[in-house]
Amino acid sequence: MDPRRERRFSRTKLKADLAAVLRKSWYHLRLSVRHPSRVPTWDAIVLTAASPEQAQLYDWQLKRAKRIGRIAPSTVTLAVPDPNGQRIGSGAATLNAINALARHYQMLGLDLGPEVANTENGSSGSDSEDFVLPLVRFVAKKHILLLHAGGDSKRVPWANPMGKVFLPLPYLAAEDPDGPVPLLFDHILAIASCARQAFKNEGGILTMTGDVLPCFDASSIVIPEDASCIITVPITLDIASNHGVVVASKTGIQTDSYTVSLVDNLLQKPTVEELVKNQALLDDGRTLLDTGIIAVRGEAWLVLAKLACSCQTMITELLKNRKEMSLYEDLVAAWVPAKHEWLQVRPLGKELIRKLGKQKMFGYCAYDLLFLHFGTSSEVLDHLSGTSSELVGRRHLCSIPATTASDIAASAVVLSSKIESGVSVGEDSLIYDSTISGGMQIGSQSVVVGINVPGDIGAVAENSFRFMLPDRQCLWEVPLVECTERVIVYCGLHDNPKISLSKDGTFCGKPWKKVLHDLGIEESDLWNSVGSQEKCLWNAKIFPILSYFEMLSLASWLMGLGDPKTKSLLSLWKNSRRVSLEELHRSIDFSKMCTGSSSHHADLAAGIAKACINYGMLGRNLFQLCQEILQKEASGVEICKDFLELCPKLQEQNSKILPRSRAYQVQVDLLRACGDEKTACQLEHKVWAAVADETASAVRYGFKEHLLESPGSLPASEYENNHIDDSLSQSFCARRVKVELPVRVDFVGGWSDTPPWSLERAGCVLNMAISLDACLPIGTIIETTEKTGVFINDDAGNQLYIENVTSIAPPFDDDDVFRLVKSALLVTGVIHKNILASMGLRIKTWANVPRGSGLGTSSILAAAVVKGLLQITDGDKNNENVARLVLVLEQLMGTGGGWQDQIGGLYSGIKFTTSFPGIPLRLQVVPLLASSQLISELHQRLLVVFTGQVRLAHQVLQKVVTRYLQRDNLLVSSVKRLAELAKIGREALMNCEVDELGEIMLEAWRLHQELDPYCSNELVDRLFAFADPYCCGYKLVGAGGGGFALLLAKDANAGKELRHKLEECSNFDVKVYKWNLFLDN
């Protein structure tokens, strides 16, 4: 196939790719925030702002992002305004931002090196080389993400107060329904987090624009050493004519997914003739779009940082001459020799060439990059209702009435809003951060942001006035400095505030001339002081500052919904104080806006939490909702205390169906929200006791009554009246049982088998029983003895004699090496049934695998002991009963755990196991009849490798189970996906599609890290990176954290080569085991 045709075909599948790219990017972002020492994150994130006031808002947003886990605590964040609020251009703003970050590092009191410390208090000027160079070297080692967000958002005016980069974009919002509404900024952070690894350990900067979401796998970016690199994507000429275009060299590195080559030229909004003249057309007739993403590393970054740290003089000159320096035209032109002649006559162009001109610029063309531009209001709605609409969470953290009390279109997007009865919302409209009451009607394809209609307006509305927002209109509120009222602002969806009256500019979708004529408004009423500026919506003094009801009335009138000749409204409008969009931009009370938004979100979260407690089954993530409620500083804690008082009543009313473990966890979360950490810690013990009790109840009838009691605490008559077979109770009979079992390796589905998940939801696991080095590594020998009591010894040389078996009782100490055997004696009833009244037992155990292997060793050994005890006492030794008893045993031990390990060891071969919640818990084990071809291929391609890292599932398990009990939605969706992948993996194996199994293993490994980022470590990451070129899939077995790894090679030859490389490589202290599929019972 022609590669160009193949690339075009690949771009037709972007709808499916978008979801995959975003999910992978968000996964990487969360991993880097939760475990930055393992997955490097940005050292600093810097935003440019148009004014000091806007910078304050951005600082608030950056703190929010840290609070909700979008930015790592270790990352320095900074919002940098243009000096004196005067525009200096994106290029100068870049230099100014880097300079401000360097000074910020100094203010933080960090160790910047002795040279900086010595010059800080000296006489050297701030731009002197003695002062700058040490600071440059410090900054040049940092990894910085810089977002240009300082525009005035004229084409998306309703986003002007919040900043366009912070507009709502609820992609994937449904996957975390109790979390904050995702913003464009959040998605940009996710994409950018993947690009961080392209810099490796070398310092650098990544600059992006705040109105573009470039959807692609940024982890694949290649940045040539000591150079700058601009990210491009092939685009059609009609789009290119409105953007920057990169002319790339015909030579370079070319792969199936990207090209890296030198940049020959840069064009701005070129015509077709200019594209042809500059040889900018690709073979398929497209050209390379400048995405606004620029990466600089190595020597080029050092030189840029040096220029930035001494840029004060340059910026002063720009301010003095009222000139601007563009990043995408001026600054990058210094790296492109073909642009030097043009740059010579630009502001500070000669200086840029002198300082930066020796460095090279490359272009990285990502063929499948999806360029989502948020440049206009209509583009924003298109991205919510177009081909990406299936990703959009259309109802998120909102309060809406019943369908019989309102008319809200299914396609409408309602985010962080409260809508009362009697409201109508049309198709494809966006409602955000608002309280809608008063029987308002909102048309289709409209935008409503930050509107808070007072409650008393509703009563007025029912009698005399009903506000209607027509189709394709935008409505928002803005708090102004030194103004008690919030100004109501509005315009048409397609209005361009920059188009003048003389060029057919519009207001609310109508030409200005028609608006003026219909309403009887004079031009001088709107533009009496614009001077030489063109008359347009941006500078039209049209928005009145009056009472809320009067502003709504005039809004209807100005939109043409009332009688246009109503003189009273015209008079009211003319006599009012009025402001333009331009004046609003300069007068926004950002502090009041932030406070109001926090309070609004807290009220919504409180309403949702209260409904969950009063009417629901505690299915929401109250821990997450409480974090939002606590942003209401004055009353947040008191609200949480009120919720805490409702808990006992809730538990009493729903005791038959509400798991006690969940009820206790809710109380723990609320106690922590109230600041009562001591009581929360005390109550946590009840959480885990409840999980153990619920597990026992689901596994075996009547068992839980004696589970936490020692035999000595039972009534003597009850203990003495328990009998077993006469052959055991009346006369001694020597018996001996030996149980040997394989280990298990799991392909996918782990965690869905773990209580309390498996007690409440279905679980699915695909795993396999194997022998290691031609032997079954786990086993026990149990013998009866004439001497009473129990003698236990293990393969480590530990031994213990228990004369009085009635002394065995939980809880067991963590360092008790025989707690497994003791628990087995309890769960099998050997002690409670008085079996050992006239004889004793000798129990020997062994596990010939490394400690902390992740192969299910502990559970399988428990299964062996339980099975042996049941055999020697003629109990129910069938595998399903043994598997359920081991679940109880692990709760007694305090280690927790699911059923997949014992199933993996008890049942031979490859099997797909499903659990069905209920009392009792039911397990269905379906053996896969593996063909000889499949077995042969797995033996040749699957490497079972011990990493040398000891892991302990208990540590991981507690964190994961706690998140489940909190109803963490990301965890719930991850475990659901693991169970789904087990079903897909079953089909893949049955069809002998081993490559597909590799893809499933990779996704499963990503999901395991989503559940707990500490399930891997630096050595494991290096091992997988080393194996990646040879493999189609890999993962750690079990819960992770170390132990054994599965490496699935691309083919038999790759498997041989990888085995040889690992055995010869001195960088890894690993062991590749010989394994065989265990097929015998």
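This is a predicted model: local features need pLDDT of at least 70, side-chain atom pairs count only at pLDDT 80 or more; totals for chains, interfaces and linings use all residues.

Visitor: How many helices and strands does the protein chain have?

Guide: The protein chain has 40 helices and 42 strands. These are DSSP runs numbered from the N terminus: helices are H or I with at least four residues, strands E with at least two.

Visitor: Why does 34 Å agree with a compact globule?

Guide: A compact globule of 1081 residues would have a radius of gyration near 31 Å, and the 34 Å of the protein chain agrees with that. The radius is taken over C-alpha atoms, and the rule is 2.2 Å times the number of residues to the power 0.38. Along its principal axes, the C-alpha trace spans about 115 × 75 × 65 Å.

Visitor: What share of the residues is buried?

Guide: Of the 1081 residues, 60% are buried; that term means under 20% relative accessible area, with exposed over 50% and partly exposed in between (1.4 Å probe, protein chains only).

Visitor: And which domains are assigned?

Guide: The assignment, automatic or from a database, gives domain 1 (18-108 + 131-372), domain 2 (392-455 + 463-591), domain 3 (608-699), domain 4 (736-922) and domain 5 (932-1077). The centres of domain 1 and domain 4, taken over C-alpha atoms, are separated by 57 Å.

Visitor: Turning to strand 31, is it mostly covered or uncovered?

Guide: Strand 31 (residues 763-772) is mostly covered, with ten of its ten residues buried. Gly763, Val765, Asn767, Ala769 and Ser771 point one way, and Cys764, Leu766, Met768, Ile770 and Leu772 the other way.

Visitor: Which strands pair with strand 31 in the antiparallel sense?

Guide: Pairing requires at least two bridges found by DSSP. Six bridges join strand 31 to strand 36 (residues 910-916), where Thr913 is the partner of Val765. Strand 42 (residues 1075-1077) pairs over three bridges, and its Trp1075 stands opposite Leu772.

Visitor: What is the strand order in the open sheet of six strands?

Guide: The order is 13-15-18-21-23-24, with mixed pairing. Strand 13 (395-396) and strand 24 (486-492) are the edge strands, each pairing on one side only.

Terms used:
Residues are numbered from 1 along each chain as its sequence is written. Side-chain values use heavy atoms; hydrogens and water are left out.
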